[in-house]
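This report covers the aromatic ring pairs of one structure. Please look at the sequence and the model before reading on.

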Amino acid sequence: MVKKIKTKSVRIAYISLGVAATSLFSTCLIGVFLTLDIKISMFFNIISPIIMLSAFVLGVRGIFIKEANNGEARGLCFGAICIVGYSVYFYISINSITGII
C-alpha cells in the first residue's frame with residue numbers, strides 16, 4: 001500500500017514538499033478570507049511567510065544533504081523550492097492588491 005521511505009534525504013524531500021504545499025495553500029487562503037473576514041486574512045498574512053521560509057530552508061537542506069545521491073530526492077526538493085517561489089509571487093501579488101506592499 002504505502003511505500004516505506006528508507007533514506008533520510010527522501011524523507012526530508014517529502015517533508016519539504018508537504019510544507020511547500022501548505023505554504024501555497026495558506027497563501028491562497030489570504031485571498032479567500034480577504035473578502036470574508038479580515039482578521040482571519042491577517043492571521044494567514046502573518047503565518048504564510050513563516051511557513052514559506054521553513055519550506056525553503058528544508059528544500060535547500062534537502063538538496064545539499066550529504067546522503068542525497070539519488071535524483072529523486074533532489075528533484076522533489078527542487079519542486080518544493082519552485083512551489084515556494086510561486087507562493088512568494090502569489091503572496092506579493094495579493095498584498096500589493098490590498099496595499100500592504
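Is F90 buried, partly exposed or exposed? F90 is partly exposed, at 23% relative accessible area; buried means under 20%, exposed over 50%, and partly exposed in between, with a 1.4 Å probe and protein chains only.

The model is predicted, so local features need pLDDT of at least 70 and side-chain atom pairs count only at pLDDT 80 or more, while totals for chains, interfaces and linings use all residues. Residues are numbered from 1 along each chain as its sequence is written, and side-chain values use heavy atoms, with hydrogens and water left out.

Rings of Phe, Tyr and Trp (its six-membered ring) pair if their centres lie within 6.5 Å; planes under 30 degrees apart count as stacked, over 60 as edge-to-face and the rest as tilted. By this rule there are three aromatic pairs. Two of them are listed here.

| Pair | Centre to centre | Angle between planes | Class |
|---|---|---|---|
| F33 and F44 | 6.0 Å | 10° | stacked |
| Y86 and F90 | 6.5 Å | 15° | stacked |

F33 lies in helix α1 (residues 8–36) and F44 in helix α2 (residues 38–63), so their pair ties together parts 11 residues apart in sequence. Helices here are DSSP runs (H or I, at least four residues), numbered from the N terminus. F33 is partly exposed at 22% relative accessibility, whereas F44 is buried at 16%. Ring pairs also link F33, F43 and F44 into a cluster.

Y86 and F90 both belong to helix α3 (residues 71–98), where they are four residues apart, about one helical turn. Y86 is partly exposed, with 48% relative accessibility.

Methods: Helices (H or I, at least four residues) and strands (E, at least two) are DSSP runs, numbered from the N terminus.
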